[in-house]
Amino acid sequence: MTRLQNTMHRILHHPNTVVVTLVSTMVMIMLSYNTIIRYGVSWPVILTILKIYPLAVLFIYCLRTYVTLPLVLKLHDYFPHHFNQVIPRHVSIPFFVITGNVSVMMVILTETHRKLYPYFVSGFVGNWAKTFFVAVPVFFFIVRPTIDFIFNNLKMKYPRLD
């Protein structure tokens, strides 16, 4: 195998590859959605989305990895029976991580767009609802199944070389 093929193979089988792909995809979808519903579709808006995207991915990945995911895991450890009986762990953890990420991002968006939202609480609640009720179905019904399907097929086609 060539050096490039070895590198690509290691990247495919690395445990964080799927996570980074999920985060990157969700950030692009939600960043585009939130920007376009406020400012419409135009070339300057698209360029703004592309400029902000790398920083948004980095911020959301760090927020997820160091804040929301550890909090959700602690919450699941503290109340294990409540979560296991109501919602399976593979659903509740992403659901609460998305809830935390959306909450933090909507505080930032509402505060930075003071001209659009002069009243913080009503602006925050509206932004949060618009984003949350789009992010959850997009993640669970479109993004995660699609990325899982793609990576499962790639991993079957290119098995681990240990």
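## Starting point: Val20

Val20 sits in helix 2, which covers residues 15–39; helices here (H or I, at least four residues) and strands (E, at least two) are DSSP runs, numbered from the N terminus. With a relative accessible area of 37%, Val20 is partly exposed. For that label, buried means under 20% relative accessible area, exposed means over 50%, and partly exposed is in between, using a 1.4 Å probe and protein chains only. Val20 and Phe124 are 104 residues apart in sequence, and their C-alpha atoms are 27 Å apart in space.

## What kind of model this is

This is a predicted model, where local features need pLDDT of at least 70, side-chain atom pairs count only at pLDDT 80 or more, and totals for chains, interfaces and linings use all residues. Residues are numbered from 1 along each chain as its sequence is written, and side-chain values use heavy atoms, with hydrogens and water left out.

On confidence, the protein averages a pLDDT of 91, and 99% of the residues score at least 70; pLDDT is the predictor's confidence in each residue, from 0 to 100. Helix 3 (residues 43–78) comes out highest, at 95, while helix 4 (residues 80–86) is lowest, with a mean of 77.

## Overall layout

The protein has six helices and zero strands, and reading along the sequence gives α-α-α-α-α-α. Taken along the principal axes, the C-alpha atoms fill a box of roughly 60 × 50 × 25 Å.

Of the 162 residues, 34% count as buried. Take the contacts (heavy atoms within 4.5 Å) between residues at least 6 apart in sequence: 69% of them join residues at least 24 apart.

## Helix 6 and its partners

Two packed helices are described by the angle between their axes and the distance between the axes. Axes are lines fitted to C-alpha atoms, for helices over the stretch in contact, and angles run from 0 to 180 degrees between N-to-C directions. Helix 5 and helix 6 (residues 120–157) have axes that come within 8 Å and cross at roughly 145°. The residues of that contact divide into 16 nonpolar, seven polar and two charged. For these classes, Ala, Val, Leu, Ile, Met, Phe, Trp, Tyr, Cys and Pro count as nonpolar, Asp, Glu, Lys and Arg as charged, and the others, Gly among them, as polar.

Helix 2 also packs against helix 6, at an angle of about 145° and with the axes 9 Å apart. By class, the contact of helix 2 with helix 6 has 14 nonpolar, six polar and five charged residues.

## Two residues along helix 5

Helix 5 spans residues 89–112 and includes Asn101. Asn101 counts as buried because its relative accessibility is 10%. Setting aside neighbours within four places in sequence, Asn101 is in contact with Ile60, Leu63, Arg64 and Thr68.

Phe96 is in helix 5 too, and at 27% relative accessibility Phe96 counts as partly exposed. Not counting residues up to four places away in sequence, Phe96 touches Val72, His76 and Phe83. Phe96 and Val136 are 40 residues apart in sequence, with 9.9 Å between their C-alpha atoms.

## The loop between helix 5 and helix 6

His113 lies in the loop between helix 5 and helix 6 and is partly exposed, with a relative accessible area of 21%. His113 and Phe96 are 17 residues apart along the chain, and their C-alpha atoms are separated by 25 Å.

Tyr119 belongs to the loop between helix 5 and helix 6 as well. Tyr119 counts as exposed, so its label follows from a relative accessibility of 62%.

## One salt bridge

Side chains of opposite charge can pair when their charged atoms come close. A search of the whole structure finds one salt bridge, the term meaning a side-chain nitrogen of Lys or Arg within 4 Å of a carboxyl oxygen of Asp or Glu. Glu111 forms a salt bridge with Arg114, and their closest N and O atoms are 3.1 Å apart. Glu111 is partly exposed, with a relative accessible area of 40%, and Arg114 is partly exposed with a relative accessible area of 40%.
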